[in-house]
Amino acid sequence: MYQNKQAIALGTLVFMTFTGVIILILALWAWPKYNVYKMELNGQAALKEAQWSKQILIEESKAREQAALMQAKARVTLAEAEGKALIVRAKSEGAADIELAKAAAEANKIIGESLKDNEAYLRYIWIKGLQDGSGERIYIPTEAGMPILEAGKAGS
């Protein structure tokens, strides 16, 4: 019985040793494979992160481009509105100038009509102007049709 116990203990020891060696061999074989698998998963994770980062940058770039495009359109719209306002203002100022010219022409016509056959009033205004004149020069045409220049100043 003692031998039987020794044989069982020896068998158990051999089995345990054999099992330990098998486990050690499996561990030495599996460890590099696990490291490769782990590195592959890390690489896939890094690739996914890089892809997401790239996608984020692309979307941010698109958003900036759209914002710049919207700002440019707003500037164009504002410039068009300012241009139209300038055109409207120029047209209204032109119309006002035309109306002023018409009024001046009408006034000149009225004044011209009133002075047409009114020589006495024109002579009166001319004489008054001579009396009120201060240092005016009067040029009198001569026989050759040329005025006498600086023949004398009024009041000297």
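These legends go with a set of close-up views of the predicted model shown above.

View 1. Helices (H or I, at least four residues) and strands (E, at least two) are DSSP runs numbered from the N terminus. Buried residues make up 0% of the 156 residues, where buried means under 20% relative accessible area, exposed over 50% and partly exposed in between (1.4 Å probe, protein chains only). The protein exposes about 14400 Å², with 66% of it supplied by carbon and sulfur atoms; the areas come from the Shrake-Rupley method with a 1.4 Å probe, and for residues only the protein chains shown count as cover. Residues are numbered from 1 along each chain as its sequence is written, and side-chain values use heavy atoms, leaving out hydrogens and water. In this predicted model, local features need pLDDT of at least 70 and side-chain atom pairs count only at pLDDT 80 or more, while totals for chains, interfaces and linings use all residues.

**View 2. The aromatic pair of W31 and Y34.** The count comes to one aromatic pair. The ring centres of W31 and Y34 lie 5.9 Å apart with the planes at 35°, so the pair is tilted; rings of Phe, Tyr and Trp (its six-membered ring) pair if their centres lie within 6.5 Å, and planes under 30 degrees apart count as stacked, over 60 as edge-to-face and the rest as tilted. W31 and Y34 are three residues apart in helix α1 (residues 2-115), which means about one helical turn separates them. W31 is exposed at 55% relative accessible area, whereas Y34 is partly exposed at 43%.

**View 3. A nonpolar surface patch made by F18, I22, L26 and W29.** Here you can look at a patch of about 450 Å². Patch residues have over 30% relative accessible area and no salt bridge; like charges are joined within 9 Å and nonpolar side chains (Val, Leu, Ile, Met, Phe, Trp, Tyr) within 5 Å. W29 is found in helix α1 and is exposed, at 55% relative accessible area.

**View 4. The three salt bridges.** Each needs a side-chain nitrogen of Lys or Arg within 4 Å of a carboxyl oxygen of Asp or Glu. K62 meets E59 at 4.0 Å, N to O, with K62 partly exposed at 44% and E59 partly exposed at 39%. E99 and K102 meet at 3.8 Å, N to O, and they sit three residues apart in helix α1, about one helical turn. In the bridge between K116 and E113, the closest N and O atoms are 3.6 Å apart; K116 is exposed at 54%, and E113 is partly exposed at 48%.
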